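The sequence and model are shown first.

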Amino acid sequence: MNDIDGYIKSLPPDRQEKIKQIVAYIRQKYPNFPESCDYSPKWKFPVFRHPSAPNYIAIASQKSQITIHFGRYHCSDIIAAADKRIKTGVGCAKISDSVPFPMDSIEKAIDACFSATTQFRPAVPGDAAALKSMARRVIQANYTPFLGEDLVRSFIESGQADQEIDDGLNTCTLMVSDDGIVGFAIVKAEVLHLIMVAPEFQGKGYGSKLLAYIEQQMFAEHPAIQLQTFANNAGAIAFYQKHGWREAERQAVDGMDIPLVVFQKCR
């Protein structure tokens, strides 16, 4: 018995049968997709993950409902369309015990989630507007907590964020999926100048996949590569360290009290 089968066995009989149907469908149609009961350190319920894309499906038995979480948020809407009584949250469908179990719609949602793939391509001039919009949203979401609203607003309104995209478009690589542009990276020789993932795709493994691809491309030409981030950007620092980057030095920034951390990685 594996963890998922054990989880199912612990449930009331009616819940067992419903979740068994979902698990059996995934195992039959996607037999090579990794499965476990570690949706998060706190929540131990079944999760299936796409082996080469950051898409996942998790199934939880809760008080009066079964909740299905999707790595591609819109997939929950496919299930909700089957019955107006089915509620949705951020990327999840909440199927009450009082609602007929919509297995046909669940199968369609599973296929929509797991059929998605990500690809990489060079940026073209027509991408500039979308990349500028994404960069502004990422800066507002990720930089405000440690730089403050005033400094972030001033930087965006100055046009510097947009200029970074214009200046780096020729060496910009996009990560795209069926949902559009997921993220991008700008490389300047041996320096990873900029890497961003849209806020709605963060925390799903896309950043790791984008970083791994860019590293591979850079190592094909350089034995050692570098990037920089602000010293108080704790999330970014932890992310780079997790992926094998090591701090090389710190550099002062004119007009700011926050230094830059220079990271290095060797092939």
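## Strand 13 and its partners

Strand 12 (residues 246-251) and strand 13 run antiparallel and are joined by five bridges. Strands here are DSSP runs of E with at least two residues, helices are runs of H or I with at least four residues, and both are numbered from the N terminus. Two strands count as paired if DSSP finds at least two bridges between them. Opposite Leu260 of strand 13 stands Gln251.

Strand 11 (residues 224-230) is also antiparallel to strand 13, with seven bridges joining the two. Within this pairing, Ala224 has Cys266 of strand 13 as its bridge partner. Strand 13 (residues 260-266) has five buried residues out of seven, so the rest of the structure largely encloses it. Buried denotes under 20% relative accessible area, exposed over 50%, and partly exposed the range in between, with a 1.4 Å probe and protein chains only.

## Basis of the model

This is a predicted model, in which local features need pLDDT of at least 70 and side-chain atom pairs count only at pLDDT 80 or more, whereas totals for chains, interfaces and linings use all residues. Residues are numbered from 1 along each chain as its sequence is written, and side-chain values use heavy atoms, with hydrogens and water left out.

## Overall architecture

The protein chain contains nine helices and 13 strands. Its C-alpha trace spans about 65 × 40 × 35 Å along the principal axes. Of the 267 residues in the protein chain, 46% are buried. Contacts (heavy atoms within 4.5 Å) between residues at least 6 apart in sequence join residues at least 24 apart in 56% of cases.

The accessible surface amounts to about 13,700 Å², and carbon and sulfur atoms account for 50% of it. This area comes from the Shrake-Rupley method with a 1.4 Å probe.

In soluble globular proteins, nonpolar side chains tend to be buried together. The largest nonpolar core in this model has 48 residues, and those with the most contacts inside it are Leu131, Leu174, Phe184, Leu192 and Tyr240. Helix 5 (residues 128-147) supplies the largest share of this core, eight residues. Apart from it lies another core, of 37 residues, including Val47, Ala93, Ala109 and Ala112. A nonpolar core is defined as a set of buried Ala, Val, Leu, Ile, Met, Phe, Trp, Tyr and Cys residues joined through side-chain atoms within 4.5 Å.

Leaving aside residues up to four places away in sequence, Leu192 touches Ala185, Ile186, Val187, Leu211, Ile214, Met218, Gln226 and Leu227.

Six strands form an open sheet in the order 1-2-3-4-6-5, with antiparallel pairing. Strand 1 (35-36) and strand 5 (87-89) stand at its edges with a single partner strand each, so one side of each has no neighbour in the sheet. Strand 3 (residues 56-61) and strand 4 (residues 65-70) run antiparallel and are joined by five bridges.

Ala58 stands opposite His69 in strand 4. His69 counts as buried because its relative accessibility is 16%. Beyond residues up to four places away in sequence, His69 touches Tyr39, Phe45, Tyr56, Ile57, Ala58, Gly91 and Cys92.

## A positive phi at Ala189

Most residues other than glycine have a negative phi. Ala189, although not a glycine, has a positive phi of about 55°. Ala189 lies in the loop between strand 9 (180-188) and strand 10 (191-197). With a relative accessible area of 49%, Ala189 is partly exposed.
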